[in-house]
Amino acid sequence: MAAVSIADYSVFAIPEFDANEYANAVLAGEPYPPTLSTQQIHSKPRTSVSILEPVKEDISVAISKLDLGVEDVGKQIKALVTAHHEDLLQHASNVSQLSGSLSSVRRGLDDVESSIEKLRQKIRMPYQALQANVARLQRIQQANDALRRTARFAVLAKRLEIQMSELASYEGANSTKEKRPNSTNEPSAEHQEEKERTIAKAALSIAELGALLDGPDEAHPEGAVSHSDGESMLPANANTIPLRSVNAAAAYIPFITDARKKVTEEMEAMVIQGLTSLDQSLLASSLQTAYNLRVLPTLVQGLVRDLSEAVEERIQSAFDLSRISKEIVAKEPQQASQGLLYKSRVRTEPTNITAPQFAAALWSRLECLVEEMAGCCIKVYTLEKVLNLKKNPLTGVSFIDESMKALESKPRTAFWASLGKSFEKYARDAAKSSTFLQQTLSSGYPKFLRLLHEFFAGIAVHTDTVYTQSYQSPETILVLRAVSTFEALYVSRSSTRLNEAVAQAFSGGSRSPPGANEGINIVRTVTNELDSARFDPLLVRAVAKNAAMSLETVASKVDGLIVTDRSAVSLLGPMATPQQVLNGQVTTCVYHCWTKLEKLVEEHTDSVSISIGPSINKIRARYDQVVDPLLTAIKRELSAIVSRLHRLDLRRVIDPMAGMAGTSLYMKDLVDKLNFVKTGILSNFAPEVTRTWVPVIVKYVIRVFILHASIAKPLGESGKLQLTTDMTELEFSLSAFLADGPQSKRGGNLESIGDEYKTLRAMRPLLFLDNAFLASPERTIGLPPLVVLHHILVRSPVSLPHTLHGWQEAEYVRWIDEHSPQEAWSLVGSSITHWEKREHDASDDKGAEQYINLARSVLRTAQRGS
């Protein structure tokens, strides 16, 4: 029932319930609340309607229902009070007790508030009084500080007046001295030093006065030089009275401004004069003045910027073709009737006629540019040197460190960077905009480079810049890289000239191969290019690289022309093969190339040798590729002919009626072959090429003939005479082989051959020497011990080494040629020992003992001599 009652009165329990709206809803017969229906208010549908719900009935009915509801609610309240009256009485008793406790708490809080108010009165009044006193003290301190700074300002102002009057007196003395007729304009050294010191002191006073006027932040800049008064110029308090508001100080502001202007002008004049005359003492004084004025970083920055801009302007003017054109036009003679003639516009590009005038004007401008660049560079280095030497006497900080506050890098670094940048920019623009400038400066790049060398040499005395063959400073490299555009053009043209010389030499191909003249032309071109660039280590290195590439081309072209097959070394005759003729002409060209280039490299630095040395070696390898097989074939052919000596019967008895023996057949063939080699083979080469081959061939023929003749066994008297005749014929033929030309009637001098010819001449007496003298060094002088040993064994029954080992004579001679004399002696000694150990007839022992002793004696003598 209670639940139903609660549901019936749920409309009145809504928080937004409004009695007026409810009454309006009842009068209008609408549900309440208006947005909710009865179904939305209750969670469950009801079959009955509440007695208090507004319905479309008469107002009296609705009022009666409300009265009924009020009575119902009153009954329910009475029932609840009756049911819970004991609990309600208990709650009422508790509330009465709590009310007494709250009253005591209220009295305690009132006491606390009273105590707090009393305490507040005891603290607030002293604090307010103290606050007022502190404010009064601060104002007194500000006034005191303002008075102190004003007093300091007055002292400094009076001091500045005295200093400026002294400065004016110096200037008056100078002007009076200038008016005297016999006086010099230059002041004395003491007078100048006093003036410089006065300006520096005035600058310090002006800086301190400015700091006092501007405020405490500028009063004590880091590293400032103070007076000896020992007074503190400003306190650290930031709430100071500006002296500009003080009338006594403000009255001096125009004077201080004029003094600053005057001192600044004097300082700038001193700086300019010091840099112009490179007077480090005057420059140091001016920098000290700037430091005292607190403008040193700004001054140094401005000087470096002005010098860099001056150089940039000079560079731009030097490469400006329009200015060159105006200069030439201004120098031309003015004609009398110029006003009546047509005057063409000024040409910026020269014609073929005016090109020499433009070139002369350009080089004149470049010479002036180099001088001005050197002057500016020396000034920058002098400035930096003085900045490094000058230091603050109190802090020890150098002026260069102070200047770095406004500079990104040191003055010299900034100047070189600006110089290189300007040079590169205007040189590149000039090469792009003017064909004349590009051609003139690229073709005359060595001359331009010599001007830069003069620049480096001019500044080397005052700077640490070095430009030599062994070392180049980074600054010089920076400048040279700036003009690399013209260097690249010059090197390109140099490479073109080298390649044209090579292409012209090999333009005929195998039908018209290059010869001595072409080889000399190639070397002459390389020499000219290297000589033109040898004064500069970097340029000559670049030219040498191009020369090396051209020489690589020569080696490759030679490699494509020469023939290395069998026809190139064939000696069948009677004429040289076309391949030999071709190889001879190409080898002559190659010979002149590498021989003259090797001499050229000796005259240049190691860098040139490193660059073109491998290319020269490749050309030399192509030369050896032709010459070595040919000389080997000649030696092999001549050795084969001489080895036919052993086919002769050299042991027959002499016929008294036969007369002198004729030349042997092998010797005739040898003479013919030597003649063919000279006229058919060597004639294809230039005489200077074969001049070193002929003695080598002659020495080889003599050495091979002597060895074969020394082992010819058995050897009779007729054989000795035959060998003597052959030696005579060989001597005549070798003399003719040594002659300068095929038409020469006079033979060559065999004595120039040396020991081999002496051996040939000593071989004749050996053949007829008695056995007792075979071991005598005096009788066998000029003969190698091996030849004497062979001849002793030929006369004896002892076998020769090649017979013992089963070799052919030619093989044995080849073995001797490939081994040392000591090894050959050892082989002969082992052969003698071997013969002594084997079994043989007693008659052989008796006949061989004498020769064995002679051979061992010769061996001992030879081993002692070695």
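Entry 1. I looked up helix 20 (residues 537-561) and helix 21 (residues 578-602), which pack at an angle of about 160° with their axes 10 Å apart. Helices are DSSP runs of H or I with at least four residues, numbered from the N terminus. I took the axes as lines fitted to C-alpha atoms over the stretch in contact, with angles from 0 to 180 degrees between N-to-C directions. Helix 20 and helix 21 are therefore roughly antiparallel, a term for angles over 145 degrees. Helix 20 passes helix 21 in a left-handed crossing; left-handed here means that the near helix is turned anticlockwise from the far one by less than a right angle, and right-handed means clockwise. I noted L551, V558 and L561 of helix 20 and L582, V586, V590 and L597 of helix 21 as the residues that make the contact, where contact means heavy atoms within 4.5 Å. These residues divide into seven nonpolar, no polar and no charged. Ala, Val, Leu, Ile, Met, Phe, Trp, Tyr, Cys and Pro count as nonpolar, Asp, Glu, Lys and Arg as charged, and the others, Gly among them, as polar.

Entry 2. I recorded the basis of the work: this is a predicted model, in which local features need pLDDT of at least 70 and side-chain atom pairs count only at pLDDT 80 or more, while totals for chains, interfaces and linings use all residues. Residues are numbered from 1 along each chain as its sequence is written, and side-chain values use heavy atoms, with hydrogens and water left out.

Entry 3. I turned to helix 22 (residues 606-642) and helix 25, which pack at an angle of about 30° with axes 10 Å apart. That makes helix 22 roughly parallel to helix 25, the term for angles under 35 degrees. The crossing of helix 22 past helix 25 is right-handed. In the contact, residues of helix 22 including Y623, V627 and K635 meet residues of helix 25 including W693, Y700 and H708. I found 13 nonpolar, two polar and one charged residue there.

Entry 4. I examined helix 10 (residues 296-318) and helix 12 (residues 355-389), whose axes come within 9 Å and cross at roughly 170°. That makes helix 10 roughly antiparallel to helix 12. Among the residues in contact are R314 of helix 10 and R365, E372 and K379 of helix 12. By class, this contact has 16 nonpolar, one polar and four charged residues.

Entry 5. I checked two backbone details. Most residues other than glycine have a negative phi, and most peptide bonds are trans. L278, in the loop between helix 8 (253-277) and helix 9 (280-292), has a positive phi near 55°. A cis peptide bond, with omega about 0°, joins K713 and P714. P714 lies in the loop between helix 25 and helix 26 (717-738).

Notes:
Helices (H or I, at least four residues) and strands (E, at least two) are DSSP runs, numbered from the N terminus. Angles under 35 degrees count as roughly parallel, over 145 as roughly antiparallel, 65 to 115 as roughly perpendicular and the rest as oblique.
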